[in-house]
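Welcome! Please keep the picture at hand as you read.

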Amino acid sequence: MTITAPALAGAAVRPRGPLGEAVLHALTAAEPADRETLARQAEAALRSCSDITTDEDIQLALFLLYASAYGTLDGLEADREWEPALIAVRLMLESAFERALRTRVTVPDLPEPTADAVARELFALVAADDGPSLFRHLARRATADQAREFLMQRSIYTLREAYPHSWAIPRLSGSPKAALVEIQSDEYGGGRPDRVHAELFAKALRGAGLDDTYGAYVDDVPAITLASLNMMSMFGLNRRLIGAIVGHLAAFEMTSSIPNRLYADGLRRLGFEDDVTDYFDEHVEADAVHEQIAARDLAGGLAAQHPHLLPDIMFGAAACLAIDGAVAGHMLDAWERQSSSLRTAVTP
Amino acid sequence: MSASAPQPTITPYPDGPLLLRGDVVLQTADGEVIPRRRRTVALCRCGLSAIKPFCDGTHKAAGFRTED
């Protein structure tokens, strides 16, 4: 019997500049990467970029480096995951990315480090967010083509939903750990493979006539969409940012149940069937549970346990709102101009 | 209930739903069983949910407040 390696789907992702090209080569080629060449490419990319969250070359490079850690793209060599030259590049890019996020995001006044005060502050932060409202557009006005674009944009994260936050599980202890596992267990279907949220989303893509292969639409989405996942991956993979990934999950869950009801309404209005709307309907009920646990037991519990993490908990939450707001704004702006939110015109 | 199964709990979350954990059968006024699709469920406390008895987050938009 012959066992063949998976097809080179990862290698099919197209670089968007010299850095992405060098990183992709280092992740896929037989010969080891040259540390100095890679570092020079990263330095040059960082020097010439004005906004790292919308820099196509850098965000794709980061996406590929994280894909290597998750193992979410076939064709990336597993033994390159800890390749020092690639880790060095990732640290350079992450340092600039984190600095940009901390500059951009306004962190609210810190509450007392108690579960109750932190939960109340997080709910207030989310309620005060006046970012662009993608769900209202989907509910009332979006066309079927725009709904498909929305699903393609979402596929970058949602086909791998919950992955970045799971990195935090072994780094927590006590009640915040139990709270995160309670949420993640539900994300992963509570023991039922057909209820895994990422699988429900794959079904939605198929129902809408789209490709449910992970990475199928990477080439089509803009840097800001990759930045949204890259931010979660950075918060999740770096133990020193444990507060930020916890705060991120809280804000993410807290901006989910009502929007998902409106996404489901919009998709039904456009004639999509249950196989497409199931994912969204599921999240109305699920995230009304998760947001309570995430705000109070996870984020609040962690702040009570380790008060020094409170600033990063609030930063992670505010960063989630800022970047996901920018992703929504990108789509709404494009549609306002009667154009596509994708980088390339796609025929589903 | 076996000795190892913990007691079910109902926990009020301030300004929000009641979280129900553990082995409890939910039923309608007519005694019909309401299927539970997850281990921990949130029960509506504001009366405005469109998916009662479960919470759908509407209490936030409605400004629902509890005294805890």
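Domain bounds here come from an automatic or database domain assignment. With that in mind, chain A is divided into domain 1 (10-104) and domain 2 (115-336). This is a predicted model, in which local features need pLDDT of at least 70, side-chain atom pairs count only at pLDDT 80 or more, and totals for chains, interfaces and linings use all residues. Residues are numbered from 1 along each chain as its sequence is written, while chains are lettered from A and ligands numbered from 1 in the order in which they are written.

**Two domains of chain A**

The C-alpha centres of domain 1 and domain 2 of chain A lie 24 Å apart. Where they touch, 21 residues of domain 1 of chain A are in contact with 21 residues of domain 2 of chain A; two residues are in contact if their C-beta atoms, placed from the backbone, lie within 7 Å. On the domain 1 side, the elements giving two or more residues are helix 3 (56-70) and helix 4 (84-104) of chain A. Helices (H or I, at least four residues) and strands (E, at least two) are DSSP runs, numbered from the N terminus. Helix 3 of chain A brings the largest share of that side, eight residues.

Which residues touch the most other members of the largest nonpolar core? Among its 125 residues, they are Leu122(A), Ala250(A) and Ala299(A). Both domain 1 (10-104) and domain 2 (115-336) of chain A give residues to this core, so it lies between them. A nonpolar core is a set of buried Ala, Val, Leu, Ile, Met, Phe, Trp, Tyr and Cys residues joined through C-beta atoms within 7 Å. A residue is buried if 20 or more other C-beta atoms lie within 10 Å of its own, exposed if 12 or fewer, and partly exposed in between, with C-beta atoms placed from the backbone. Leaving aside neighbours within four places in sequence, Ala250(A) has contacts that include Leu122(A), Ala294(A) and Ala299(A).

**Chain B and its sheet**

Chain B has one helix and three strands, which run β-β-β-α from the N terminus on. Its C-alpha trace spans about 40 × 30 × 20 Å along the principal axes, and of its 68 residues, 24% count as buried. The three strands of chain B form an open sheet in the order 1-2-3, with antiparallel pairing; two strands pair if DSSP finds at least two bridges between them. Strand 1 (9-12) and strand 3 (40-43) of chain B stand at the edges with a single partner strand each, so one side of each is left without a neighbour in the sheet. Strand 1 of chain B is joined to strand 2 (residues 18-21) of chain B by four bridges, and Ile10(B) stands opposite Leu20(B) in strand 2. Helix 14 (residues 274-305) of chain A packs on this sheet, touching strand 2 and strand 3 of chain B.

**Where the chains meet**

Between the chains, 16 residues of chain A are in contact with 17 residues of chain B. Helix 14 of chain A supplies the largest share of the chain A side, seven residues. The table sets out two contact sides by class; Ala, Val, Leu, Ile, Met, Phe, Trp, Tyr, Cys and Pro count as nonpolar, Asp, Glu, Lys and Arg as charged, and the others, Gly among them, as polar.

| Side | Residues by class |
|---|---|
| Domain 1 of chain A, touching domain 2 of chain A | ten nonpolar, four polar, seven charged residues |
| Chain A, touching chain B | seven nonpolar, three polar, six charged residues |

Methods. Axes are lines fitted to C-alpha atoms, for helices over the stretch in contact, and angles run from 0 to 180 degrees between N-to-C directions.
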